[in-house]
Amino acid sequence: MIEAPDSLKFFQLFEHREESNTCAVSIEDLLVYSKDDHNDTSRYFIKSEVEPISKEPLQFVSSLFEDNDILEIRVIPSLIFKPKVDIFFGYANETSQMVNYLADRNREISACNIYISANPRANFWGSSKSNIKIARSVFVDFDKISSGEALKKIRRFPKPSIVVESGHGVHIYWRLKDPITDLHFWTDLQKLLSKELGSDGSVCDPARIMRLPGFNNVKTKHVPCRIIIENKDSRCDLQDLLKCLPAFSRAVEVKTKSTTTAIVDERRQSDIATLARAKEYAARFSIVDNNRNSTLFARACSLFENFNLTNYETHEIISNNNADFLHPLEDTEVAELVMNANKSLSRNSVSRGKYLNFPVISEPYTSPSTPIITLEDWRQQLEMRRIENQGKPGVFFDGSPTGAGKTTADIALIKKSRTSLTLLPTHHACEELEKILVSEGIDAAAFPKLDDSTCEIYSVAKKAQEAGLSVGKSVCPTCEFFSKCEYQKKRSKARIAPHSIATHFRAALSGFEQGKEVIFIHEDPLSLMRPYVKILSHHKSKKIEQLTDLEDIKKISDELKNVGNSWSDTKIVEFAKVLKQGTEELIGFLKSTDLIDKFEEALANGMPTNELESVRQLPTRLKAPIPENFNFALKRAMDQSRIYSKGNVLRLALGYAFGQIESLCAYIGDDYKEDAGKDKFYKVIIGCWATPLPKNTQIWFEDASSSINLIQELTGLDVLDQTPCGRLKNQSEPLQFPLNDVKQSTAKQTIRALMRGLMVKYKDKKRFGVISHLCHKETIEKLDLFWRKRITMIEHYRSGKDRASNSWLSCDLLIVLGTPRVPAAAIKEMLIRLGKITEANLQLRFASFAFEGKTTSGKIVAVQSKGYESVAWKQIYNHLVKEAIRQAVGRARSVTSSAVPVVVLSNENLGYELSECEALMITDSLDETLRAMLPVSVNHPYNYILGEMSVKSLSVRQIRDTVPDSKKRTHRRDVESLRKYGVFKPKGRLMRDDAIFEDWIIDFVD
């Protein structure tokens, strides 16, 4: 390496930037290039010392910095040229060597602007905020005003150290007596100065660069940047500066390099009683939100607004709350958070930001008051009440929890009844019940599922089914396999069986089987009693064009008329005519813009839409006769025209045209963007049927997620509640993690981290079952084999198996991962189905609220959640969302002796015990380190499920060698985290050859 003489000082050239690539720097006349082969670094050295052209840069540096401060100088060409940036670093007392070079760069054809760091850098290789550790000055930047006007603005402020005319404004600097090391505070101070003086608010970044005086400002035209006032030895006392800032009248503590300065609070200190109430208030919110920062911020705002505390008092309380989090904030970050919370209030302490008080607790915790009943007594009551009501027509309700024995009680009544019908949500549940009843010696049969195992021409049958036709009436009559059809055999068997089992969909479509002595309806009564179909005029995905589907039905109607004429069947001809008329009316409803126009006009004018009518009831038609062979005729018309309808669209067209639907409504869907960028809305037509209940029959509605009020609304009849009084004690209490709510939008890496973390936390479990969102199912299935092989079952919400299968009992831990929230449109549609048009017209915000719950230690805490204020909307939301979670949890049969432990990751109020901490997360980075270490273990984890697996004499250096190059810097941290989380535990240490060797035990059942 070429050594430079000691007399030659240098600046290190750190970086040379261009917009798209790096270019060479041509300064051979000024600098000598040197290459350090050992360190692979390069430097440019000043050739000789020349007397600086201008003294102002040196005056500026000596006034604001110490000699050994590291400064950054940037040379940035004028905007009229292609931007190229040179960055130099050097000590403050070496600035003189750069002045002439900078002057040349400032005067050349491609004139450059010269900037200097406002705060010293910590080293020679970083320009970011993280490279700033100290601030010696504060400053303001006035744009487009004269120096006289700027000096008038600071008349009541301390004397400045330097005033610079920048060429198009004025920069004013105050050198502080004691430098500030809390850069969060320095940033806030800069913001307050700019706000108080009306200067540029962007000069608050610690890494900020400012113009270096003594050179021209060449941003547009050449204008001198010069010092007009210099008070070199002037040092400003921070206290004197803060007295000029009213916003700092609240108490705060500022830590500086040499001293801690307490800023006097001009307000009174809070009395002891108020402070005690504030601490008690904050203690109730030890678990709030799944976001640490927003939780603490909302709490700080609440303390300021509700108790009028000082910054110091609020900081003390928030610091205590911060310690409750798994990963607490640093103290400086807490101080910044409290400061920002204070600033989010206007000067008269009225909230003006989007962060309001902590949400009002709308659901306070109440201890269960009903007595605990043993499972044996509960089941006896269920059976007794069914037997007591045998033969009595009427509607009965049983809301017993999952696993309480409702099916067992049903079997007791079925055995005493001549005939029965049981309705379940899915074919899978029907098949399970059929096996149970047959094993009890009951002559029972379930209506079969149509698939390739029961139908020889399933592709044809499926096409007819998707078109909205009855397969049995449109395809089967002409099928060559009809006589030996498995589907027909099973269907006939179910029809004649004394005890039949069917799905809700079948009963809603074809009606109840007649002549049954007792009917049991399990779960989801709404889908059975109020089936519905909706069609859209447009959809924001642009994949749904149901106006075209309605036009297809008109064409099918025309062909159907031809079929009727060819058969000389006047009933089919009339049927085709009525169907076409009804379809044309639906098209008219869908095309009408009477509701949409008002919304689009309001949106265009920036007006609110919450007061506009969004739901309107439409007229229905009188009932008309439907010929028996209409399915067969429609199938023929579709085959001849080669146009096949969409099932839901045909069903609505038939229901409306022939007066079968109970109600028809239109409502406004969400807005979307047209190709031209204009906001548009779409219309939804929804038709609802009312499934009539058979008369003179005993009917049992059995659903843990419904209420007697809902059943009464659906049936319009008096309903007798037969649910036993009291409550069952869970044999295994579900544990809820409210700080880890999993939504459909939750990132894939978070899902992976949570799943791994739960498997580490519950390392004694070997068979995990998971119920989550459909969109996360694939992410879980694609976990590395090391984790994936411990997951034996995965289902998603509303799949059917998430709420009706006993196979979950084979798991030794059930994970219910997330909250299956629904859009507002789903709630609106359910209200329409219930006939609550007024409530459906409400346009409500999905707002934050808080509920109270009890933790595993017995502490009452508040949890932030989401919901609706309207009672009607809240009831529907609870039915659709919370009960879906409860049904999933019910798969664990928590009230039985064979209960499976359950963990729930949701922030809904479910009544379960709450975890006081966040769920453990094993990130992708930790997983990568773990899997890199596993192959060197004595017992390879892929081959062994039980027992300890130790890493024999594995040194820290050897651990590093097992991980990819990208992780060699973080391997120590990852190993320590894995040890802390309980994945590994050190067995012993040994020093050998200056290396630390550790014996590790993989404390993890695989």
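Tutor: This is a predicted model. Two packed helices are described by the angle between their axes and the distance between the axes. Here, the axes of helix H19 (residues 570-591) and helix H21 (residues 630-641) come within 11 Å and cross at roughly 75 degrees. Angles of 65 to 115 degrees count as roughly perpendicular, so H19 is roughly perpendicular to H21.

Student: Which residues in H19 and H21 meet?

Tutor: From H19, Ile572, Phe575 and Leu579 meet Phe630, Ala633 and Leu634 of H21. By class, this contact has 6 nonpolar residues, with no polar and no charged ones.

Student: Now the sheet. In what order do the 5 strands lie?

Tutor: Strands of a sheet pair through backbone hydrogen bonds, either parallel or antiparallel. In this case the order is E7-E9-E8-E12-E11, an open sheet with antiparallel pairing. Strand E7 (135-143) and strand E11 (215-217) are the edge strands, each pairing on one side only. From one strand to the next, the twist averages 30 degrees.

Student: How many bridges join strand E8 to strand E12?

Tutor: Strand E8 (residues 162-165) and strand E12 (residues 223-230) run antiparallel and are joined by 4 bridges. Glutamate 165 stands opposite arginine 226 in E12.

Student: Which strands does helix H1 lie across, and which does helix H4 lie across?

Tutor: Helix H1 (residues 56-64) lies across E7, E8, strand E9 (169-180), E11 and E12, at about 45 degrees to E12. Helix H4 (residues 183-197) lies across E7 and E9, running at about 30 degrees to E7.

Definitions and conventions:
Residues are numbered from 1 along each chain as its sequence is written. This is a predicted model: local features need pLDDT of at least 70, side-chain atom pairs count only at pLDDT 80 or more; totals for chains, interfaces and linings use all residues. Side-chain values use heavy atoms; hydrogens and water are left out. Axes are lines fitted to C-alpha atoms, for helices over the stretch in contact, and angles run from 0 to 180 degrees between N-to-C directions. Helices (H or I, at least four residues) and strands (E, at least two) are DSSP runs, numbered from the N terminus. Angles under 35 degrees count as roughly parallel, over 145 as roughly antiparallel, 65 to 115 as roughly perpendicular and the rest as oblique. Contact means heavy atoms within 4.5 Å. Ala, Val, Leu, Ile, Met, Phe, Trp, Tyr, Cys and Pro count as nonpolar, Asp, Glu, Lys and Arg as charged, and the others, Gly among them, as polar. Two strands pair if DSSP finds at least two bridges between them.
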